[in-house]
Amino acid sequence: MASSLFTSPKFSHFPSLSSKSSPFPPFPPPALYFRSPPSTSLLKTSVISCSLNSYVSLGSRPGPGPGHRPDYIPNYIPDPNYVRIFDTTLRDGEQSPGAALTSKEKLDVARQLAKLGVDIIEAGFPAASKDDFEAVKTIAKEVGNAVDKTGYVPVICGLSRCNENDIRSAWEAVKYAKRPRIHTFIATSGIHMEYKLKKTKEEVLEIARSMVRFARSLGCDDVEFSPEDAGRSDKEFLYEILGEVIKAGATTLNIPDTVGITLPNEFGQLIADIKANTPGIEDVIISTHCQNDLGLATANSLAGAAAGARQLEVTINGIGERAGNASLEEALLWSSWTQFFYEVVTFLSPIHPVVMAFKCKGKDILGGLYTGIDTRCIVMASKMVEEYTGLNLQPHKAIVGANAFAHESGIHQDGMLKHKSTYEIISPEEIGLERSNEAGIVLGKLSGRHALKDRLKEVSSKYTCRIIHLTLLHDAISKHFVPSCYIQLGYELDDRQLGDVFWSFKAVAEQKKRVTDADLVALVSDAVFQPAIFWELVALQVTCGTLGLSTATVKLINADGKEHVECAVGTGPVDSAYKAVDLIVKEPVTLLEYSMNAVTEGIDAIATTRVLIRPEKDRVSTHALTGEIVHRTFSGTGAGLDIVVSSVKAYIGALNKMLGYREEQSTVVSGEVMRHADSNPNS
């Protein structure tokens, strides 16, 4: 849909970006570079490799690329073609309903974002709660100081409203990072100023100017300012307020399409106009932040980049408020074809978008803008965020959806078997996915004879390969090491997790005739992406049917190793099992959501369950944009052949996440009491 908008005769190049003043280099632009794909593994499951050592050019000549990330200067990028990636998964992404993360999960995601190579990690909204503050602070200390051998370390950013308390809180949280940043914002659209802020333009202008100056006075040399709802703001007022915050010391100006209302040509024109009319704009970085309410967040972000923005604000899987944000994986893979936007937006007449869309065939037209992202770590990041937030991806999600590289149509399958580029514009290996069958063939009612013949030839070799895989896995447990082919899955497993995965696999293999790669991924996820264990399921027995009430007996073990057993009745097997768990854990909660999916087809498929709970003893935080009190919720996931077992695992996982959050808060409060006592020895 996004590409069709560029074919409209109404879409013209931006008048303020002539060939002389364009931020792009003379045609042809520099080549785009990607890191080389991982080496082929003997065992082909979902292979992920994040080595930073080798690069391969997909362009035509040597030049800057991910291996040559420009030196970081807050308000200047030495290479005009480099685009900074600002990831806000941990802040805006966490505002998705039900996506609350624990501090440990936030730290895990931040580490994965660093592996991806994002330039800026917006770690959270420190003023929202004590837990948010501590999470941002921990990320600043650990991830914000983890310098790799190339000298790369991500900027750690904290969001704040335009008030001194928020800004001071953000600085106190991020100041431990080698590269700290404060991101402050205030609304500038007429509707927001009148109904939300109840302030005049003059008052908003003075607040923005004084708060940016205050942020700089704290010692922060990297300050980002956002005029909230810029897409609906008066342009003349935007030029004025942006010019004033530049004078006050802002280093990055972020232009948000807060409600996702603009079209790509409108948003690109907005960026171009800001670049042409804002005094002092040459001394700062222009950024985009596009919401996805009309499904155009990625297209708008790239139109902004084509118009001169050199920072894109994105989230993993596109999660975020309402319909979400621009998707990191979509924006980056689209940047593989920035020649398309390069010509569409800046230089060519309106008819050329159609031509370029059809000519988009790969490296012959690569060039222009580039990022420092290691795209091969995308799949792992996507899976981690999906599991931790409990927000399941739609199968047809671009780049990372289950069907993104699957082909069922007989005509498509025939083309794929002959040459993959017939129906795939990117290789799955570029995003860190190595599928179990080379052409992504899915056998179904639309499959052709060619696909069936090819799949039949694979069966025996795949069976042998799986036996080798199991042998290596068993050796890993008995000899206390993880073979390199297993490490390539991208999961870092300790001995306990590895043992859990193996014995779970053995249990599934005894009941299923065929264990698929999707089954393996579900079992690994069930072991890896779980919160700290306060309670663990030991045994479960249910009786249900039409002849009486459903009854469940549950045995749990707590962190101290003590076993607890309870029995309960309910309206069904899941209800009775949950009630038995409640009798043991004694933590009153409300079940808000319950959903279940089959990993594969068939009656013997592994079931994955997701639940969302809210404690009755409410835990709250502050919404970053509205300032409203938000009731914190906790999600949990579980996997198993038995749907009741899967359901109980998910419920216990959510309870563990809630208890872990409570423990983190208690630790924070205790630490503050001790610091207060130390600072007041006479008290």
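**A covered strand and its partner**

Strand β4, residues 120-124, is mostly covered, as five of its five residues are buried. Buried here means under 20% relative accessible area, exposed means over 50%, and partly exposed is in between, computed with a 1.4 Å probe on protein chains only. Helices (H or I, at least four residues) and strands (E, at least two) are DSSP runs, numbered from the N terminus.

Before going further, I must state that this is a predicted model, in which local features need pLDDT of at least 70, side-chain atom pairs count only at pLDDT 80 or more, and totals for chains, interfaces and linings use all residues. Residues are numbered from 1 along each chain as its sequence is written, and side-chain values use heavy atoms, with hydrogens and water left out.

To return to β4: strand β3, residues 84-87, runs parallel to β4 and is joined to it by two bridges. Two strands pair if DSSP finds at least two bridges between them. The bridge partner of F86 in β4 is I120.

**The chain as a whole**

The protein chain has 20 helices and 18 strands. Of its 683 residues, 54% are buried. Among contacts between residues at least 6 apart in sequence, 71% join residues at least 24 apart; contact means heavy atoms within 4.5 Å.

**Two helix pairs**

Let us turn to the helices. Helix α6 (residues 201-217) packs with helix α7 (residues 235-248) at an angle of about 25 degrees, and their axes are 8 Å apart. That angle makes α6 roughly parallel to α7. The axes are lines fitted to C-alpha atoms, for helices over the stretch in contact, and angles run from 0 to 180 degrees between N-to-C directions. Angles under 35 degrees count as roughly parallel, over 145 as roughly antiparallel, 65 to 115 as roughly perpendicular, and the rest as oblique.

The crossing of α6 and α7 is right-handed. A crossing is right-handed if the near helix is turned clockwise from the far one by less than a right angle, and left-handed if anticlockwise. On the α6 side, the contact involves K201, V204, L205, A208, R209, V212, R213 and R216, which meet F237, E240, I241, E244, V245 and A248 of α7. By class, this contact of α6 with α7 has eight nonpolar, no polar and six charged residues. Ala, Val, Leu, Ile, Met, Phe, Trp, Tyr, Cys and Pro count as nonpolar, Asp, Glu, Lys and Arg as charged, and the others, Gly among them, as polar.

The second pair is helix α8 (residues 264-277) and helix α9 (residues 297-306), which pack at an angle of about 35 degrees with their axes 8 Å apart. The crossing of α8 and α9 is right-handed. P264, F267, G268 and I271 of α8 make the contact with A299, N300, A303 and G304 of α9. The residues in the contact of α8 with α9 divide into five nonpolar, three polar and no charged.

**One loop, two positive phi angles**

The loop between β10 (311-314) and α10 (328-334) holds N317. Although not a glycine, N317 has a positive phi of about 65 degrees. N317 counts as buried, at 8% relative accessibility. R322 also has its place in the loop between β10 and α10. R322 is not a glycine either, and has a positive phi of about 55 degrees. With a relative accessible area of 44%, R322 is partly exposed.

**A three-stranded sheet**

I close with an open sheet of three strands in the order β14-β15-β18, with antiparallel pairing. β14 (589-598) and β18 stand at the edges with a single partner strand each, so one side of each is left without a neighbour in the sheet. Neighbouring strands are turned by 20 degrees against each other on average, direction ignored.

β14 and β15 pair over nine bridges in the antiparallel sense, and the bridge partner of M596 in β15 is T609. Seven bridges join strand β15 (residues 607-615) to β18, where A607 stands opposite G640.
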